[in-house]
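Reader: I am new to this structure. Please take one part and go through it closely.

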Amino acid sequence: ALSLLEQAEKESATYSRRNRMRCRLLQAEAMNKTYLPLDTLTSMDEVLDYYLSHGNRDERMRACYLMGSMYRDRGNSPLALQYYRDAIGEADTTETDCDYAQVSRIYAQMALLFDRQLYPQMELEQWKQAMRYALLAKDTLMYIQCQESISRAYYLLNMEDSVVACTRRGYAAYLKYGRKDWAAATQIVMADYYLKHDSLAKAKQALDEYRNGSGNFYDNGEMKSGFGLYYFYIGEYYEKTSRLDSALFYYRKLLNCSLGDIMKLEGGYKGLMSVYAKMHEADSVVKYAHLFANANDTATLRNSAHEISRTQALYDYSESQRIAIEKSEEARRLWIGLCICFVVL
């Protein structure tokens, strides 16, 4: 669909404005569904203006949602939140023909934005709304995904029991509806839990299920990009079972696939430092202690930056809300003035 729409866009100069706007709306939707970033789109302002003037409620909701997704991919969380809320405002959730599935996804996107801003309290609220509308849409898998994803907020709140409960419910539900791969992917969370509580046999079982069933590994056994923390957990398992050579192997693999990810670097250095301490190799302990300390300092600075970013984002969002209210009041006064003029005439 995306390929066809891209071809149609090349010929869109000959289209009527209505068809040109529809083509661009569908193209943005196709890009979003194929996980392509929308930050390169330059025509979304025109598309949104068109549908706000000429579209029905569903089209206005979709246009606002895609505008928010464009700002999401540009890293502008306050504007993304504003347009997501505008999209929710366009949805008439009291009508039976409301697109509840789309509403559910908008709330899920807002939850992920709050997760990025390290604001779990607001994140929880959005996940609950996403689950509510997924049920109304009879979108079972979306409901289960939200149910599992809500554990992200509980993790930030250090509510370990809730994290485990959500993960287990998601695991059972995925199996019930035949998604063994998604069920297996949840086991990385359980592996972390079991390792923290030294339940090593259960940890190994969870790691094996994740490796064999999640689909996050290539046929040659190498992990796909973005899932490298598995190497930290399997390294920790081997370290706790005193198989230190295997632990070193996986901690080094974690460093090799970190690609500048400070959290993975920190985990790899910490693991190597711990293993070499057990092996009584003082030089290596000193080397990785320095590297771990540097990585830890960098992570602390970045977390502080994230906190500042969250505060700024919330301020910016409040400010944009204030401006929106002022414009709404200005428009109301204009309409009152026009009505008075009409009555006088």
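Author: What follows looks at one helix and then at the nonpolar cores.

This is a predicted model, in which local features need pLDDT of at least 70 and side-chain atom pairs count only at pLDDT 80 or more, while totals for chains, interfaces and linings use all residues. Residues are numbered from 1 along each chain as its sequence is written, and side-chain values use heavy atoms, with hydrogens and water left out.

Helix α2 covers residues 17-33; helices here are DSSP runs (H or I, at least four residues), numbered from the N terminus. Its 17 residues should span 24 Å at 1.5 Å a residue, and the end C-alpha atoms are 24 Å apart, which agrees. That expected span is 1.5 Å times one less than the number of residues.

The buried residues of α2 include Arg20, Met21, Cys23, Arg24 and Leu25, where buried means under 20% relative accessible area (1.4 Å probe, protein chains only). The buried residues of α2 pack against α1 (2-10), α3 (44-54) and α4 (57-73). Just after α2, Tyr35 takes a positive phi of about 60°.

The largest nonpolar core has 54 residues, of which Met44, Val103 and Ile106 touch the most other members. Such a core is a set of buried Ala, Val, Leu, Ile, Met, Phe, Trp, Tyr and Cys residues joined through side-chain atoms within 4.5 Å. Its largest share, nine residues, comes from helix α6 (residues 100-116). Apart from this core lies another, of 33 residues, among them Ala191 and Tyr233.

Definitions and conventions
Buried means under 20% relative accessible area, exposed over 50%, partly exposed in between (1.4 Å probe, protein chains only). Helices (H or I, at least four residues) and strands (E, at least two) are DSSP runs, numbered from the N terminus. Contact means heavy atoms within 4.5 Å.
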